[in-house]
Amino acid sequence: MRLVKPKKALGQHFLKDLAIARRIAETLDSHKGLPVLEIGPGMGVLTQFLLEEGHDLTVVELDMESVAYLNEHFPGLKGRILAEDFLKLDLSKLFAGQFCVIGNYPYNISSQIFFKVLDHKDHIPCCSGMLQKEVAERLAAGPGSKTYGILSVLLQAWYDVEYLFTVSEQVFDPPPKVKSAVLRMTRNGRTELGCDEKLFKTVVKTAFNQRRKTLRNSLKPLLGKECPDFALPLFDKRPEQLSVEDFVKLTCICQNHIA
């Protein structure tokens with residue numbers, strides 16, 4: 001049987017452990033009935049269990065060798081194997097309504113994948129899969145943690161983020177140099193932030209770009225040096241001390257000073 005050779009340039013590490021692949025597929029059990037998009041299926045180790053679970057599956061794969069393998073071994077997916085780059089894919093044309101996202105994500109673009117999921121949050125009620133352990137910890141981290149950062153806040157504003165389990169390097173071919181983890185994000189009940197969403201992103205990014213400084217200092221580029229609200233206790237804090245709700249309050253304050 002012809003196998004696909006992992007390509008370093010694409011960050012490919014193929015999962016060999018079928019039990020783990022099955023567990024990842026099961027993370028979507030509560031959303032059965034919705035279409036599923038799998039990112040980076042490779043040789044289909046996760047794909048086979050998603051099909052076994054009965055999901056309405058489409059896969060997107062950039063590596064043409066993997067695409068050929070999938071077409072050969074998964075004839076039932078004919079017309080559902082997209083030889084494209086997920087980051088360039090027009091998801092609104094692909095799915096008319098809601099859909100779920102899953103994958104053994106390429107570690108070199110995992111953050112970009114989650115930013116794109118966030119852009120389509122109203123259509124993606126659940127996103128799960130495997131990524132680098134360090135990144136998974138960052139996404140799931142809460143206020144007060146050293147790993148809590150920009151993506152933690154932006155994702156947790158709209159999703160409940162669960163770190164499910166850790167995966168050893170030895171279950172991959174080739175083994176990566178880092179441990180992996182499986183994460184699930186489920187859309188929370190929030191329908192609006194209560195502040196300008198674009199400004200919210202700007203405030204979060206600006207604050208964490210100088211995370212060691214107090215908000216009074218890190219937000220001067222946005223609010224100017226003499227902003228009267230700098231006297232508020234909130235500005236004594238550093239960004240990792242703020243919850244999502246605190247960042248919403250902070251954004252509302254900023255709105256009053258930005259034309």
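Reply: Tyr105 has a relative accessibility of 2% and therefore counts as buried, where buried means under 20% relative accessible area, exposed over 50% and partly exposed in between, for a 1.4 Å probe and protein chains only. This is a predicted model, in which local features need pLDDT of at least 70 and side-chain atom pairs count only at pLDDT 80 or more, while totals for chains, interfaces and linings use all residues. Residues are numbered from 1 along each chain as its sequence is written, and side-chain values use heavy atoms, with hydrogens and water left out.

A search of the whole structure gives five aromatic pairs. Rings of Phe, Tyr and Trp (its six-membered ring) pair if their centres lie within 6.5 Å; planes under 30 degrees apart count as stacked, over 60 as edge-to-face and the rest as tilted. One of the pairs joins Phe95 and Phe99, which are stacked, at 4.1 Å centre to centre with 15° between the planes. Phe95 is buried at a relative accessible area of 10%, and Phe99 is buried at 1%. Tyr105 and Phe114 form an edge-to-face pair, because their planes stand at 70°, with the ring centres 5.5 Å apart. Phe114 is also buried, with a relative accessible area of 2%. Elsewhere, Tyr148, Phe208 and Phe247 are linked into a cluster by ring pairs.

Charged groups also meet rings. A charge sits over a ring if NZ of Lys or CZ of Arg is within 6 Å of the ring centre and within 35 degrees of the ring normal. The charged end of Arg23 lies over the ring of Phe165, 3.6 Å from its centre, and that of Lys116 lies over the ring of Phe86, 5.1 Å from its centre.
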